[in-house]
Amino acid sequence: MASTPGGNRRTRVHVVSDVHGNARDLARAGEGADALICLGDLVLFLDYADHSRGIFPDLFGTENADLIVELRTARRFEEAREFQRRLWAGIGMDKAAAIEKAVRKQYAELFAAFPAPTYATYGNVDVPPLWQEYAGPGLTVLDGQRVEIGDRTFGFVGGGLRTPMRTPYEIDDEEYAAKIEAVGEVDVLCTHIPPEVPELVYDTVARRFERGSRALLDAIRRTRPRYSLFGHVHQPLARRMRIGATECVNVGHFASSGRPWRLEW
């Protein structure tokens, strides 16, 4: 904690989300802060801004990545899945084993970059069962749980809701709502996905509405946290807005910007 000229102690927390393979900047993200918060999506499967980066182009090449992005952007999800099935059949590799090997390689680098203390929850493209293997003693993983940082209470809810994309950590609306309920009233509500507000869930580059949570929106209106922090939507129409007494902030730009969002009190 930092001291002010009057002698009062202040707390500063840095927040990141959607790291997507950016281990270099992650290693510096906690500098000057009392704690780092990470809201998930460590893995980079496919970079929609640079189709040469990620697990998919590493396995199948940039031209195939270009096509899969085109199909998904056009919401031709069944065609995209069929195209991927043909690609996997063509290389003769076990899909689950190949993806796990690639994810483990990224996790080994990313978890080693986390400073202590870090408080983290899962994103929708993360693989929760693997986290405990890589999380060091300075990392606290929270999902549907609360923690005190300084004199404020932070609640964490990870993962995403079901979509045609079928990413690794998508759960039913009811299960997600139960985790929101378990967190209860907090000062800062930390989630991977945003509340279900059009300006917060529309991605201007992917040109689609991502799934936000109605349960999260209802909880914000009911419990009135100081902040709602989230990521998931990389290029939203609005990066921040107020919902009643709550300042809602999208911090999901870390992969491209390399800069954490700062919260100080």
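The model is a predicted one.

An α-helix has 3.6 residues a turn, so residues three or four places apart point the same way.

How far apart are the end C-alpha atoms of helix 4? They are 22 Å apart, and this agrees with the 21 Å that 15 residues should span at 1.5 Å a residue. Step past the end of helix 4 to G92, whose phi is positive, near 65 degrees.

Next, show charged side chains. Side chains of opposite charge can pair when their charged atoms come close. The whole structure holds 20 salt bridges. Select E78, R81, E82, R85 and R86 together: salt bridges that share partners join these residues into one network.

Move on to R104 and E133, which form a salt bridge with their closest N and O atoms 2.8 Å apart. R104 belongs to helix 5 and E133 to helix 6 (residues 128-134), so this pair ties together parts that are 29 residues apart in sequence. R104 is partly exposed, with a relative accessible area of 23%.

Then select E181 and R222, whose side chains meet in a salt bridge at 3.5 Å, N to O. Here E181 lies in helix 7 (residues 173-183) and R222 in helix 9 (residues 214-223), so the pair ties together parts 41 residues apart in sequence. Are these two residues buried or exposed? Both E181 and R222 are exposed.

Now go to the strands, starting with strand 7 (residues 145-149) and strand 8 (residues 152-157). They run antiparallel and are joined by five bridges. Pick R146 and look across to G155, its bridge partner in strand 8. The hairpin of strand 7 and strand 8 has two residues between the strands, and G150 in this hairpin takes a positive phi near 65 degrees.

The last stop is strand 16 (residues 246-250), where five of five residues are buried. In a regular strand the side chains alternate between the two faces of the sheet. Which residues of strand 16 lie on each side? T246, C248 and N250 are on one side, E247 and V249 are on the other, and both faces are covered.

Strand 14 (residues 227-230) runs parallel to strand 16, with four bridges joining the two, and L229 stands opposite V249. Strand 15 (residues 240-243) pairs with strand 16 in the antiparallel sense, also over four bridges. Two residues separate strand 15 from strand 16 in their hairpin, where G244 has a positive phi near 60 degrees.

Finish on R242, which stands opposite E247 in strand 16. The side chains of R242 and E247 also meet in a salt bridge of 2.8 Å, N to O. E247 has 13% relative accessibility and counts as buried, because buried means under 20%.

Key
Residues are numbered from 1 along each chain as its sequence is written. This is a predicted model: local features need pLDDT of at least 70, side-chain atom pairs count only at pLDDT 80 or more; totals for chains, interfaces and linings use all residues. Side-chain values use heavy atoms; hydrogens and water are left out. Buried means under 20% relative accessible area, exposed over 50%, partly exposed in between (1.4 Å probe, protein chains only). Two strands pair if DSSP finds at least two bridges between them. The expected span of a helix is 1.5 Å times one less than its number of residues. A salt bridge is a side-chain nitrogen of Lys or Arg within 4 Å of a carboxyl oxygen of Asp or Glu.
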